[in-house]
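Student: I have a model open and would like to work through it with you. Could we take it region by region?

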Amino acid sequence: MKILFLNGPNLNLLGQREPAVYGRTTLAEIETAVRKRAGETGAAIDFRQTNLEGELINWIHSAKGVMDVIVLNAAAYTHTSVALRDAIAAVGVPTIEIHLSNTHAREAFRHQSMIAPVCRGQIAGFGALSYVLAVDAALSLG
Ligand code: DQA
């Protein structure tokens, strides 16, 4: 099982960014936790972050036929990007939407996800644990 973790804008600042909302764990620490859980299960992980919408789209395209599952924290693009939604639908790689925070308990503009209808499921609100839970969720799709 090959799992591609994609992280969108501002997630490179985790640890310093709004810690009351997102916690003090850095993205590098989250990656370490994901790799630890994956190591216990035999899953292979590719873990990336970009602030650029087009780069996320290119990475989703390149997952076709190569990766078994995409785990996507699209960050703010979750709420705005028809292009990301179309990319997920186009490649047909099973995709899991994740968030650190419970977006449904926050501002109204975060309640809508453009990508949710083309994702297999959503994990939100568990902080860094959302990522570790996503490893098991991805395995359940394999
Ligand atoms: C986020 C939630 C988004 O609304 C926000 O724009 C982010 C992070 C989360 O992981 O909780 O950047 O995706």
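This is a predicted model: local features need pLDDT of at least 70, side-chain atom pairs count only at pLDDT 80 or more; totals for chains, interfaces and linings use all residues.

Student: Let's start with the ligand. How many nonpolar, polar and charged residues are in the shell around the ligand?

Tutor: The residues around the ligand include Arg 17, Tyr 22, Asn 73, His 79, Thr 103 and Arg 110. Ala 75, Ala 76 and Leu 100 are also among them. Sorted by class, the shell comes to four nonpolar, five polar and three charged residues.

Student: How much of the ligand's accessible area does the protein cover?

Tutor: A side-chain N or O atom of Arg 17 sits 2.9 Å from a ligand oxygen, and a polar side-chain atom of His 99 is 2.8 Å from a ligand oxygen. For Ser 101, the distance from a side-chain N or O atom to an oxygen of the ligand is 2.6 Å. On its own the ligand has 330 Å² of accessible area, and the protein's share of cover is 99%.

Student: Now helix 3. Why are its buried residues on the same side?

Tutor: In helix 3, which spans residues 53-63, the buried residues are Leu 56, Ile 57, Trp 59, Ile 60 and Ala 63. They lie on the same side of helix 3 because the arc they cover around the axis is only 160°.

Student: Which strands and which helix are included in what covers them?

Tutor: The buried residues in question include Trp 59 and Ile 60. Their cover includes strand 1 (2-7), strand 2 (44-49), strand 3 (69-73) and helix 4 (82-91).

Student: Which residue with positive phi follows helix 3?

Tutor: Helix 3 ends at residue 63. The residue that follows the helix with a positive phi, near 75°, is Gly 65.

Student: Let's turn to Ser 130. Which backbone oxygen does its side chain reach?

Tutor: Ser 130 belongs to helix 5 (residues 129-141) and is buried, at 0% relative accessible area. Its contacts, leaving out residues up to four places away in sequence, are Ile 98, His 99, Leu 100, Ile 123, Ala 124 and Gly 125. A polar atom of the Ser 130 side chain also lies 3.2 Å from the backbone nitrogen of Phe 126. The backbone oxygen reached by the Ser 130 side chain, at 2.9 Å, is that of His 99.

Student: Is Ala 75 buried or exposed?

Tutor: Ala 75 is in the loop between strand 3 and helix 4, and its phi is positive, near 50°, in a residue other than glycine. Its relative accessibility is 12%, and the cut-off for buried is under 20%. Ala 75 therefore counts as buried.

Student: And what is the phi of Glu 18?

Tutor: Glu 18 lies in the loop between strand 1 and helix 1 (19-22). With 44% relative accessibility, Glu 18 is classed as partly exposed. Glu 18 is a residue other than glycine with a positive phi, near 35°.

Student: Last one: how far apart in space are Ala 83 and Ala 20?

Tutor: Ala 83 sits in helix 4 and is partly exposed, at 35% relative accessibility. Ala 83 touches Glu 53 and Ile 57, not counting residues up to four places away in sequence. Ala 83 and Ala 20 are 63 residues apart in sequence, and their C-alpha to C-alpha distance is 30 Å.

Key. Residues are numbered from 1 along each chain as its sequence is written. Side-chain values use heavy atoms; hydrogens and water are left out. A residue is near a molecule or strand if one of its heavy atoms lies within 4 Å of it. A polar contact is a pair of N or O atoms within 3.5 Å; within protein, one must be able to donate a hydrogen and the other to accept it, and residues adjacent in sequence count only if both atoms are side-chain atoms. Accessible areas come from the Shrake-Rupley method with a 1.4 Å probe; for residues, only the protein chains shown count as cover. Ala, Val, Leu, Ile, Met, Phe, Trp, Tyr, Cys and Pro count as nonpolar, Asp, Glu, Lys and Arg as charged, and the others, Gly among them, as polar. Buried means under 20% relative accessible area, exposed over 50%, partly exposed in between (1.4 Å probe, protein chains only). Helices (H or I, at least four residues) and strands (E, at least two) are DSSP runs, numbered from the N terminus. The arc is that of the directions from the helix axis to the C-beta atoms. Contact means heavy atoms within 4.5 Å.
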